[in-house]
Amino acid sequence: MAKLNSIIKIEGTLDNLTFYKGKEGYLVKTKSSVSAKRIKNDPAYARTRENGAEFGHAATSGKQLRRSILDLLTDAKDDLVTSRLTQTMTKVKDADTTSPRGQRQVAIGLATPLGKLALNGFNFNSNAILSSVLLSDFTLNTTTGAISMAEFIPSQNLNAPQGSTHVSLIAGFLDIDFSTDIKDLQVSPTVNLPIDNTNTPVTLTPSGIPSGTGSKMYFLKVAFYQEVNGLQYALNNGTFNALKLVDIL
């Protein structure tokens, strides 16, 4: 795959070259000379089929996770979150050391320390990494999903973007089983504060304990707003909002 730098932008197939528009601009790749039927049936392409099956599984698992936290994710993601999460889920799947090649599973990999390590700490908006946005330590109660900050001074403990006047803090507690796609997300009430020098202890307690026997995941979201005439508006459509998976059990 290569980038097309010509002033003439082409989409489609010409000879053995395929031109298309991606998120990184106009791209070009060579057209495969191997038929889909041969890849599907030829023993020589067994590894290709195995890799394809596992890549599709990783992509599906990433989609499952994104859909399970839509209430948090909608305004706190970057344009490449789908591909980034698929790459991460591939690492989680690789931690499955019991299934045969081509059948390794995210659910099994996530049950291992190595699989948890691959996914834990994932930032859904690479333009707003939580550790760069929130300059305050917090504690997590893994039983209730509550996230607490004993002292929180917004003007000091935030790297707030220019133009923001208020911040919202939200915690999420998710139970998700990737093998069955059964999930339950519990979200805390939103704590909305002006970005000033007031010291306010913050506790974000999800509304309940999520049901299920899957993996337990904990999320923290920081969202910025600008107040105009008494109303708060999302700042730059959420470009500066941070969402992080802060722990997995």
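View 1. Strands here are DSSP runs of E with at least two residues, numbered from the N terminus, and two strands pair if DSSP finds at least two bridges between them. Strand β6 (residues 147-149) runs antiparallel to β10 and is joined to it by 3 bridges; within this pairing, S148 has T203 of β10 as its bridge partner.

**View 2. The loop between β7 (166-177) and β8 (182-187) contains D181.** Most residues other than glycine have a negative phi. D181, which is not a glycine, has a positive phi near 65°. With a relative accessible area of 33%, D181 is partly exposed, a class that lies between buried (under 20% relative accessible area) and exposed (over 50%), using a 1.4 Å probe and protein chains only.

**View 3. The loop between β12 (231-234) and β13 (242-248) holds N236.** Although N236 is not a glycine, its phi is positive, at about 50°. N236 counts as partly exposed, with a relative accessibility of 44%.

**Notes to all views.** Residues are numbered from 1 along each chain as its sequence is written, and side-chain values use heavy atoms, with hydrogens and water left out. Because the model is predicted, local features need pLDDT of at least 70 and side-chain atom pairs count only at pLDDT 80 or more, whereas totals for chains, interfaces and linings use all residues.

Definitions and conventions:
Helices (H or I, at least four residues) and strands (E, at least two) are DSSP runs, numbered from the N terminus.
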